[in-house]
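Here are my notes after going through the model you sent over.

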Amino acid sequence: MDRQLTIWLLIFAVGATTYAARMSFIAFFARRAMPPWLAEALKHVPVAMITAIIVPSIAFVSPGALQLDAGNAKLVAALVAGGVAWWGQSTAAGGMIVRQTAVLTIAAGMIVLWLLKYLVG
Amino acid sequence: MRAHFNRTAFLEGVRDMSPMLIGIVPFGMVCGVGAIAAGASPIAALAMSMIMFSGAAQIVATQLLTAGAPFAVIVLSCFVVSLRLMMYSAAMAPYLRPLDQRWRSLLAYVLTDQAFARTIQRFRESDDVAANASYFLGSGALLWVVWQLATLLGILAGQIVPASWGLEFVVPLCFIAILMPLLRDRVSLQVFIVTAIAAVMLDAMPLRLSMICAGLFGIAAGVLADARKGSRRG
C-alpha cells in the first residue's frame, strides 16, 4: 500500500479509537445512573493513572534498565520536583499559587536534571 | 450550547492550564518531528495531532510506523494506550450527565490526561455544572490550540532542540505538579505506592499494557483501603 495512504488510514483508525475511548462511558452513563461502588472506585483514577504514566519514565534510565539510586539523574530530579510541589501546595492554596507552584516544580526538576548531567558528565 | 457557556469559568480554565504548556510544547514538537520521520507529509503530520489529539497514541503510532509494524498492530497498540481515556471517561461521566449531547461530545474530544487530572477536583467540589463544563472546555481548548501550534513548530523547525537537553523530561515533571496536590490523604498515598510498584514490576509487558494494568492495581488498592476505613468506622 502507498505510504501516504497508509498513514491517512492510520490517522482515521486511531483517531476513531481514541475518540471512542473518550466518549465511551460518558455516553454510556448519560442516560443511566452510575452504581455508587463504581463511582467510589473511579475516585482513585487520577492518582493511579498519573502514577502509572510517570513512574516508568523516571525509574528506568533506558528501556528495561531499572535504576533506583542517586546515579539516576531523572529519579533525583523527580524527587526534588515532588518536594517543591509538596512545599508549594502546603504553603498556600488558591489559583495563583497553584500556577506558580507548577512552574517552580518543572523548573526545579529540569535544573536538577541539567546540573546532574553537567556535573556527572 | 450557549445556555451552558460561562465565559468567566472558561477563561479561568485557560489560565489554570497555562503552566502545563511548558510540557505540552516540547511534547507536541516531538510528535511533529516523529510524524515527519515516520514518512508523513506535513499535512498528514498536522492532521494526526488534530484527529488523534493524543500525545501517547501519536508517539506509539509514529514509532511503530517507523519500525515497519503491521497496520493492525499499530491500531491495537494505540488502543491499549488509549484505555486510560476510558477510565477518565467513566470518572467524568456522572458530572457531564446534566449536559446536553453536543456538550458531552465536545468535552469528550478534549478529554486528555492533563485536562482530566487538573479539572476533576473542581467537578467534585462544585455543583455549578455550566461553570465546570466551561472551565473544562477552556482547559481543553488551550491544550488543543497549543498542541497544534507545537506540532506545526516541530514539522517546520524539526529537531531544533538537541536531544541531549532531555527536554522530554518536562512531561513527567508536569504530571508531578498535577499529582502532588492529589496526594492529600492516606488512601491516595497507598494508591500511589501500589501503582508505582506495579508499574515497575509490570514494565516488561507487551504493547505497553503495563500502564493500564498498574493503574488497575492502584485503583484496586484504593478500593480495599476505602473498605478497610469504612469497616473500622462502622
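1. Start with burial: of the 234 residues in chain B, 52% are buried. Keep in mind throughout that this is a predicted model.

2. Next, the fold. If you want a box for it, the C-alpha atoms fill roughly 60 × 50 × 35 Å along the principal axes.

3. What share of the chain B contacts with a separation of 6 or more comes from residues 24 or more positions apart? That share is 74%.

4. On to the interface. On the chain A side 64 residues are in contact with chain B, and on the chain B side 76 residues take part. Five helices of chain A each bring at least two residues to the side touching chain B: α1 (3–28), α2 (36–42), α3 (45–59), α4 (73–91) and α5 (95–120). Of these, α1(A) gives the most, with 20 residues. Sorted by class, that side of chain A holds 42 nonpolar, 16 polar and six charged residues.

5. Now a glycine to click on. B:G140 sits in helix α9 of chain B, which covers residues 129–157. Buried or exposed? B:G140 is buried, because 25 other C-beta atoms lie within 10 Å, and the cut-off for buried is 20 or more.

6. Which residues does B:G140 touch, once its neighbours within four places in sequence are left aside? The contacts are B:V110, B:T112 and B:A115. As another distance to check in the viewer, the C-alpha atoms of B:G140 and B:L106 are 9.8 Å apart, although 34 residues separate the two along the chain.

7. Last, helix α11 of chain B (residues 186–201). From first C-alpha to last, its 16 residues reach 23 Å, close to the 22 Å expected at 1.5 Å a residue. The buried residues of α11(B) are B:V187, B:S188, B:V191, B:F192, B:V194, B:T195, B:A196, B:A198 and B:A199. Colour those by burial and you can follow them along the helix yourself.

Notes: Residues are numbered from 1 along each chain as its sequence is written. Chains are lettered from A and ligands numbered from 1 in the order in which they are written. This is a predicted model: local features need pLDDT of at least 70, side-chain atom pairs count only at pLDDT 80 or more; totals for chains, interfaces and linings use all residues. A residue is buried if 20 or more other C-beta atoms lie within 10 Å of its own, exposed if 12 or fewer, and partly exposed in between; C-beta atoms are placed from the backbone. Two residues are in contact if their C-beta atoms, placed from the backbone, lie within 7 Å. Helices (H or I, at least four residues) and strands (E, at least two) are DSSP runs, numbered from the N terminus. Ala, Val, Leu, Ile, Met, Phe, Trp, Tyr, Cys and Pro count as nonpolar, Asp, Glu, Lys and Arg as charged, and the others, Gly among them, as polar. The expected span of a helix is 1.5 Å times one less than its number of residues.
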